[in-house]
Amino acid sequence: MDDLLSGLNAAQREAVTATEGYVRVIAGAGSGKTRALARRFAYLVNEVGTLPGNILCVTFTNKSAAEMRQRIHALTGDEDTGYICTFHSFCVTVLQEDSHAVQYPRRFLVLDNSDIDAMLRIIYEERGLTLRAMTFSAARDMIELRKLKKEPQYYLDLITLSLETLQQKYLQAEAPDDIIFYGYLYQQKKCFGLDYNDLLKFTLYIFEQDADIRLKWQQRLEYIMVDEFQDIDEPQYTLMQVLCGYHHNLFVVGDPDQTIYTWRGANIRYLLDFDQVFPGTRTILMMENYRSTPQILSVANSLIARNTDRMEKSLLPTLPDGAPVRLHHARSAADEAAWMAAQMQALHDGGTPYRDMTVLYRAHYLTRTVEEVLQREKIPYTIYSGVQFFGRAEIKDALSYLRMIACQDDLSFLRIVNQPKRNIGERRRRLLQEQAAQEGCSLFTALRRSVGTEAFRGTGAARFVSLIDAFSSDCSGRSVSEVLSAILHESGYEAMLRTEGSQERLDNLAELKQSVYEYETTCGEECTLEHYLAHVALFTNADAGDSSDRVKLMTVHTAKGLEFPHVFLCAMNEGLFPSKKIRTLPAMEEERRLAFVAMTRAEQGLYLSEAAGRNFDGTDRYPSRFLLDIDPGLLEQSGERDDMLLDNARGYIAISERTLRGSADTAAFRPGQRVRHSILGTGTMLELDEAKQAWLIRFDGLPTPRRISFRARLTPCPEQEGDTPS
Ligand SMILES: Nc1ncnc2c1ncn2[C@@H]1O[C@H](COP(=O)(O)OP(=O)(O)OP(=O)(O)O)[C@@H](O)[C@H]1O
């Protein structure tokens, strides 16, 4: 027991040992909540004697789940690490066990964007839609919006309607939006495919409809812990509430200053109001920071103190003094990148490996100049992009082979049937599609029935069919990594890449095999082919490890929950960070929290930079308000500071803040309400125009209504008041 509690401070010990009831930990950045969570899990297993399979530990990303599993494995020595996963992965697990409750097979598919695109391609082709009408990415957004907001009950169509009825709905649809939406639902049902939204909806539906299944999971999960609770959204919250309904042991940990996903539905209130919803909640505060030097913490504290809608707290340093935080003002983006490269080179010369340096930025498009300079200076780097690795053609092909073995679905079939070339081109695929439609079977079955026919003479169809059949009947009992290596070899896929001389693609396949292997070893005995496939669809590039000595480049969102010895936070300019898309005060505060998350990733060195120059519209580029928020006494500044530019920047930021506050007031104004303008007098609010950031008001003393920018001062006035302009 001492081992488990050693190296923990008082608050962490309390978090570890308070096992019963509702517990909320409000933790600052770098205060060791991940450490506390892992120890708590181990404490439950080693000291309390809870079986790991009775604990659910929810993390924000698959990467943090994998890390948590490793930590816990090291602490407990137990092969079984219970349910350590994201909400989505947990839903996959529930559905693999209980999807029969909605008449779905255990072997349902988890769809990612490229699967959805493949379905869209079929729909567009069938119904003669063009990309000019709507791109795939716009169509995906439209579908998501419709599922989340406009038709939140859509999943009942998937669950209760027959395939034929769904097909009818699709064929009868006339408006492009409807064609795409119902076409997609039809395609989904056809292959029992579920996207991320469906995973939660289906799970919640099953729990709502089937009391026995609900109780089974409630009783199984004796202890539930949720990390990053500040970013939880409504369906996740509901799911968690349901799950803890029997044992009532719920432990949540979060940092209100690190909420960065409200744009995706996260709601900070779930953390702040937790004690009111769950009476008897014990709240533990963890504020001591073990990650960053006092210099870095002072800068981060100074920034976040500018947010008005926040719970006041400060990170307390525990580490000894380090180097000052640097801020560089560059004349251009190229100069800025050159400064960063020079700092990196100096660090490297001093013995710091490149892998200890990380460049963070608000949006991917900002990397171009940085990349150019790093390439010129021969500094090795790697970009973590979210889609880069798992979105690569060869990785998708390899996974499609695995999926063919497990599910023999049409999407995988179309992807690999002619990869490598088997002489089954467009024309033969069409034949198969017609036959499959007539006979109501899958494309693979259609091919199996056709191998002996004239149309498929001289093709590799027969070999392909027997390859897949052989693997399908013989894969249980073999590890996923073994199956993967064998199919890539026996299908001729790897040989094809070798003939093409695609060393990079072969390296990527090797990396995939390694990541499958790591997944298996951290997963215990559970890892069947279906299990792996259902979870891999949730992976992103951040989940593929990279141990080579390279500088890392990633967005701040990707860096959430991670820590790095040296952080370069670049492109800190108005319009970039904060992004020019920010229109409201709460959004600006979220943006500031994002900058706070970025800065608190740094352990020893924090390098901030910005570049003067011009925006796309020709206006001057100003330093970010977040840099001006920081007490200048805490920064060691370099480069050319242009005082006139700074003055202009301050003026610009003051106006912008006023506009944002005005837009905050919009919540208080309703159409029909009486308002007073300091110059134009009283009037009636007609309309709020968020896009133009303006109100439309009919003033009592003016003949026509006027648009007034949010930046103007407006006050509400009583209904009967009606004076003339002053
Ligand atoms: N009691 C402690 N004593 C010494 N070091 C600690 C202690 N607790 C945590 N640490 C170290 O502090 C660092 C931050 O811990 P951890 O990653 O658990 O923080 P976190 O709260 O999850 O951070 P964030 O919310 O910013 O992502 C880690 O390097 C960890 O090893």
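Modeller: Let us begin with lysine 33, which has its place in helix α3; please keep in mind that this is a predicted model.

Biologist: Is lysine 33 buried or exposed, and why?

Modeller: Lysine 33 counts as buried, because 24 C-beta neighbours lie inside 10 Å and the cut-off for a buried residue is 20 or more.

Biologist: And which residues is lysine 33 in contact with, leaving aside its neighbours within four places in sequence?

Modeller: With those neighbours set aside, lysine 33 is in contact with Val25, Ala27, Val253 and Met286.

Biologist: What about glycine 32, where does that one lie?

Modeller: Glycine 32 lies in the loop between β1 (22-27) and α3 (33-48). Glycine 32 also counts as buried, because it has 23 C-beta neighbours inside 10 Å. Apart from its neighbours within four places in sequence, glycine 32 is in contact with Gln12, Met286 and Tyr290, and Met286 is also among the contacts of lysine 33.

Biologist: Where does UniProt place the "binding site" feature?

Modeller: The UniProt record, which is an unreviewed entry, places that feature at Ala27, Gly28, Ala29, Gly30, Ser31, Gly32, Lys33 and Thr34.

Biologist: How many residues surround the ligand in the model, and which are the closest?

Modeller: The ligand is surrounded by 18 residues, and the closest are Ala29, Gly32, Lys33, Thr34 and Tyr290. Helix α3 gives the largest share of that shell, with three residues.

Biologist: What does the shell look like by class?

Modeller: By class, the shell around the ligand holds nine polar residues, five charged ones and four nonpolar ones.

Biologist: New topic: how far apart are the end C-alpha atoms of helix α19, and what should the helix span?

Modeller: Helix α19 covers residues 393-406, and at 1.5 Å a residue its 14 residues should span 20 Å; the end C-alpha atoms are 20 Å apart, so the two values agree.

Biologist: How many residues of α19 are buried?

Modeller: In α19, 12 of the 14 residues are buried, so to speak mostly covered, and the buried ones include Glu394, Asp397 and Arg403 as well as Ile395, Leu399 and Ile405.

Biologist: What follows α19?

Modeller: Glutamine 408 follows α19, and its phi is positive, near 50°.

Biologist: Which loop holds glutamine 103, and what is its phi?

Modeller: Glutamine 103 lies in the loop between α5 (87-98) and β4 (109-110), and its phi is positive at about 55° although the residue is not a glycine. Glutamine 103 is exposed, because 9 other C-beta atoms lie within 10 Å and the cut-off for exposed is 12 or fewer.

Biologist: What about histidine 248?

Modeller: Histidine 248 has a phi near 60°, which is a positive value in a residue other than glycine, and its place is in the loop between α13 (234-243) and β7 (250-254). With 13 C-beta neighbours inside 10 Å, histidine 248 counts as partly exposed.

Note on methods: Residues numbered from 1 in each chain as written. Predicted model: local features only at pLDDT ≥ 70, side-chain atom pairs only at ≥ 80, totals over all residues. Helix = DSSP H or I, 4+ residues; strand = E, 2+ residues; numbered from the N terminus. Expected span 1.5 Å × (residues − 1). UniProt positions renumbered as here; feature names shortened; annotations may be inferred. Contact = placed C-beta atoms within 7 Å. Near = placed C-beta within 6 Å. Nonpolar A, V, L, I, M, F, W, Y, C, P; charged D, E, K, R; others polar.
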